[in-house]
Amino acid sequence: MLPLIKRELKLFFITPVAYIFTAIFIMTSMSLTFYFGQFFESGVAELTTFFSFIPWVFIFFIPAVTMKSWSEEKRLGTIELLMTLPINLWKIVLSKFFATWIFVVFSIILTFPIWITVNYLGNPDNLIILGQYLGAILMAGAYVALGVFFSSLTNNQIIAFILSILVSFMFTIVGFPLLLNFVSGLLPLEIIELISTFSFLTHFNTIQTGFLTMKGFLFFVSFIALWNYLTIIKFMNRS
Amino acid sequence: MLEVEGISKFFGDFKAINNLSFKVQVGDVMGFLGPNGAGKTTSMRVITGYLKADQGRVLINNKNIDEDPITAKSLIGYLPEGVPLYLDFSPNLYLQYVCDVRQVKDPKKSIERVIKELQLEEVKDVPIETLSKGFKRRVGIAQALIHDPKLLILDEPTDGLDPLQKFEVRKLIKDLSKSKAIIISTHILDEVPEVCNKCLIINSGEKKFEGTPTQLKRKVGKNLDEKFRKIIN
């Protein structure tokens, strides 16, 4: 499995695409924080504004990274070489997921200057920030697992990209207060609570306070497992 | 080495392979012939475990490809149709990856060996994307050979090569056949008597002829192309 992950990462970094992606990710998340989040004006030494924009950046950034993972193999035909290797299918599928996740984590880690900035300007609670980073990384894994699955459905990268954005958006937005308030008059409270438990935002919001709760942790881990499982099922029915 | 027992493959209502059986032993080079769309590529995909047969079974060294895919697949070297490769990699990097993933014992030596056998020395550090068709095909053959497989399956190995390269690849296949079972699919009929000691002609997924190239020659007329057309019709 390790050689497969290594190859995926090499393919990421062998072309400038990976560096451009990372740069765009950092620029977008930073400009959102500084311009729309009024990072300096708030006068508080914390990264909550930065992390509140992160899910929205992920919705676009992660599908752009995952879209080619399987689509490209299918288009080039290299999937035939991959699938005829003497390696278990689940390892092949997971290696793709982990490689993409590692790349996304690499991009997330490169936003560290903002962490240094708040430490320079004030005295933030660094444990909270660490928790927020871990939460963001975990949530990124969920978006990656979902994106990789949609990439496995088609050999067209654009279709994979759009489908992943749509579904990522749905899973993010179902817990958005605006939406929940809107439907709160229409549906029973229990249903609304049920829907919002499937939302990334609900779980990420609890994480944002800096406490990686067991509930949030389990949610994202099972979400990752589920979409990887779906990808494996997809390839088991090779016919 | 390879036993194919009554495999069939359907795509919806379309019968891509219909009850196909044959055997290949170490020392054999089997030419796999048939017009486009006859089911050659599908058969190769079933044998290598990329596709699952709807009926029948494939045994490689008595290991069923569906029941023990890991062992069976480790015995196969495969060049798929159209030579798919990671285009951003150089041949060297690519072969290194194949060694890693297949856990080849002495990667450096194996890479040197295939690079020499397929004359890739001058291009080994250039991105595959920029290589000519002939070089790409040779990289494809190199990755199929690197782990010294017992069964070699090559889908049109000489397609797109110039006459000199064709000659070299045929010579290589002959040399390799001493210790391996080899299947090559081809459109070029003249290639069959030159490299193969067995040939199998299929059409519409069904076996039309199985025998030696000499038998094939004896069976109909003088010209190979003519025989081919007769067998197909």
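At what angle do the axes of helix H3 and helix H6 of chain A cross? The views below, taken from a predicted model, start with that pair.

**View 1. Crossing of H3(A) and H6(A).** Helix H3 covers residues 48-66 of chain A, and helix H6 covers residues 89-109 of chain A. Their axes come within 10 Å and cross at roughly 135°. Angles over 145 degrees would count as roughly antiparallel. H3(A) and H6(A) are therefore oblique to each other. The crossing is right-handed.

**View 2. Residues at the contact of H3(A) with H6(A).** H3(A) contributes Ile62(A), Val65(A) and Thr66(A). These meet Thr100(A), Phe103(A) and Val104(A) in H6(A). By class, four residues of this contact are nonpolar and two are polar. No charged residues take part.

**View 3. Helix H3 of chain B, end to end.** H3(B) has twelve residues, 91-102. At 1.5 Å a residue, H3(B) should span 16 Å. The end C-alpha atoms of H3(B) are 16 Å apart, so the two values agree. Just after H3(B), Gln103(B) takes a positive phi of about 55°.

View 4. The buried residues include Pro91(B), Tyr94(B), Leu95(B) and Gln96(B). Tyr97(B), Val98(B) and Cys99(B) are also among them, as are Val101(B) and Arg102(B). What do the buried residues of H3(B) pack against? From chain A comes helix H1 (2-13). From chain B come helix H4 (107-117) and helix H5 (133-145).

Note on methods
Residues numbered from 1 in each chain as written. Chains lettered and ligands numbered in written order. Predicted model: local features only at pLDDT ≥ 70, side-chain atom pairs only at ≥ 80, totals over all residues. Helix = DSSP H or I, 4+ residues; strand = E, 2+ residues; numbered from the N terminus. Expected span 1.5 Å × (residues − 1). Buried ≥ 20, exposed ≤ 12 C-beta atoms within 10 Å, placed from the backbone. Contact = placed C-beta atoms within 7 Å. Axes fitted to C-alpha atoms, helices over the stretch in contact; angles between N-to-C directions. Parallel < 35°, antiparallel > 145°, perpendicular 65-115°, else oblique. Left-handed = near helix turned anticlockwise from the far one by under 90°. Nonpolar A, V, L, I, M, F, W, Y, C, P; charged D, E, K, R; others polar.
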